[in-house]
Amino acid sequence: MVLQLFLTAVFLVIILFSGVSAWVKQLAINISGNFYLQVGIYLTILAGIYYLLFVGMDFYSEFVLEHRFGLSRQTASGWLKRSIKKGLLSLLLFLVAVEGLYFFLKHFPNYWWLLAATGWILLSVVLSKIAPVLIIPLFYKCKPLVNESLKERLLQLSKSCGVDIEQVFQIELSKETSKANAAVAGLGANRRILLGDTLLKNFSEDEIEAIFAHELGHIRMHHTWKILGFATVASFVSFFLTHLILEKGVVILGLEGISDIAGFPFLAVTLMIIGLIFMPIQNGYMRYLEKQADIFVTKYGKNGQSFISAITKLSEQNLSNPAP
């Protein structure tokens, strides 16, 4: 991850100072006279170049290494199909977000950062709401938990914890990976607790209940909304700092203005650097919330030893670092 972030920054800097960015901008202008089509063309070309340059690294980290340690069950063709599907979905979301960003840059140059931060949070909320029903099913099959006795046990636990859960879902991970996982996905009525079929197969019901209690803790303590609240503050600060830096950068780089699409690499690198500054704080806060959910298990779980056993088995099965 660190290497890819560094290489991404290097890629953007080279694109900016080699003249490639200005060339791609001119190509987009030659194709269309509409500003927003120009932005879309520019971004699509840049994203295509980036994908082709980095797909080899993704293949090594996601396929070669995972197979080397017995974690992946994907075929090479299966990985490629998933990579293309993920790339196209990412491109769509990327275009929506950046087109909106350049709309604000063009029409509200003094307050674009305020609108961009607000738009980013709203987009995050929308994606959180639709992820369980539209995005996750594009990559994994999900269905209501088949084991009725376990289902009843988990629903009873959620009721005793004061969490309103009407359905528990299992997600099909085993066709692609041997890793076990569980997660809370979505907001409001679309919120789901997802249990991987690899978890259901290899863990006892007591261990599954303990992991489920951990996910209930995230819901009961409103962690999703707290994360969004943290992201809101971080977004406003990040975009405001970017605004200050962008105003100086436009002059230094000789750009036509802050909405000059040729300056996108500079904008992207600036946001990346500011994001890296916030990352330790964000990671620390996320670990704090995870610890809260762990403590929740000790309060509502029937057997604390089952949680210890489950976490140990998760670490061993997923080959993760138990003490990072």
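Author: Start with strand E4. Arg-192, Leu-194 and Gly-196 point one way from E4. Ile-193 and Leu-195 point the other way. Pick either set, and the residues are buried. Strand E4 is therefore counted as mostly covered, with five of its five residues buried, where buried means under 20% relative accessible area. Keep in mind that this is a predicted model.

Which strands does E4 pair with? Take E2 to begin with. E2 and E4 pair in the parallel sense, over four bridges. Gln-170 stands opposite Leu-195 in E4. Now take E3. It pairs with E4 in the antiparallel sense, over four bridges. Here Val-184 faces Ile-193 across the pairing.

Now step back to the sheet. It is open and has four strands, in the order E1-E2-E4-E3, with mixed pairing. Which strands form the edges? They are E1 (142-144) and E3 (182-185), and each pairs on one side only. From one strand to the next, the twist averages 30°. E1 pairs with strand E2 (residues 168-171) in the antiparallel sense, over three bridges. Look for Pro-144, which stands opposite Phe-169 in E2.

What lies across the sheet? Helix H5 (residues 112-139) does: it lies across E1, E2, E3 and E4 (192-196). H5 runs at about 30° to E4.

Next, the salt bridges. How many does the structure hold? The count is ten. Here are some of them, each with its setting.

One joins the side chains of Glu-66 and Lys-179, at 3.3 Å from N to O. Glu-66 lies in helix H3, and Lys-179 lies in the loop between E2 and E3, so the pair ties together parts that are 113 residues apart in sequence. Is Glu-66 buried or exposed? Its relative accessibility is 18%, so Glu-66 counts as buried. The cut-off for buried is under 20%. Lys-179 has a relative accessible area of 28%, so it is partly exposed.

Another salt bridge brings together the side chains of Arg-153 and Asp-206, at 2.2 Å from N to O. This pair links distant parts of the chain, 53 residues apart: Arg-153 sits in helix H6 (residues 148-160) and Asp-206 in helix H8. Both partners are partly exposed, Arg-153 at 24% and Asp-206 at 36%. The pair also belongs to a network of salt bridges that links Arg-153, Glu-205, Asp-206 and Glu-209.

The side chains of Glu-207 and Lys-313 meet in a salt bridge, 3.0 Å from N to O. Glu-207 is in H8 and Lys-313 is in helix H11, 106 residues apart, so this pair too links distant parts of the chain. Glu-207 counts as buried, because its relative accessibility is 7%. Lys-313, at 28%, counts as partly exposed.

Go back to helix H3, which spans residues 35-68 and contains Leu-46. Leu-46 has a relative accessible area of 4%, so it is buried. What does Leu-46 touch, leaving out residues up to four places away in sequence? The contacts are Phe-11, Ile-15 and Phe-264. Now compare sequence with space for Leu-46 and Val-20. They are 26 residues apart in sequence, and their C-alpha atoms are 9.6 Å apart.

Last, a look at the backbone. Most residues other than glycine have a negative phi. His-222 has a phi near 55°, a positive value. His-222 is in the loop between helix H8 (205-220) and helix H9 (223-253). Leu-319 also has a positive phi, near 55°. Where is Leu-319? It is in the segment after helix H11 (304-318). With a relative accessible area of 49%, Leu-319 is partly exposed, because exposed means over 50%.

Technical notes:
Residues are numbered from 1 along each chain as its sequence is written. This is a predicted model: local features need pLDDT of at least 70, side-chain atom pairs count only at pLDDT 80 or more; totals for chains, interfaces and linings use all residues. Side-chain values use heavy atoms; hydrogens and water are left out. Helices (H or I, at least four residues) and strands (E, at least two) are DSSP runs, numbered from the N terminus. Buried means under 20% relative accessible area, exposed over 50%, partly exposed in between (1.4 Å probe, protein chains only). Contact means heavy atoms within 4.5 Å. Two strands pair if DSSP finds at least two bridges between them. Axes are lines fitted to C-alpha atoms, for helices over the stretch in contact, and angles run from 0 to 180 degrees between N-to-C directions. A salt bridge is a side-chain nitrogen of Lys or Arg within 4 Å of a carboxyl oxygen of Asp or Glu.
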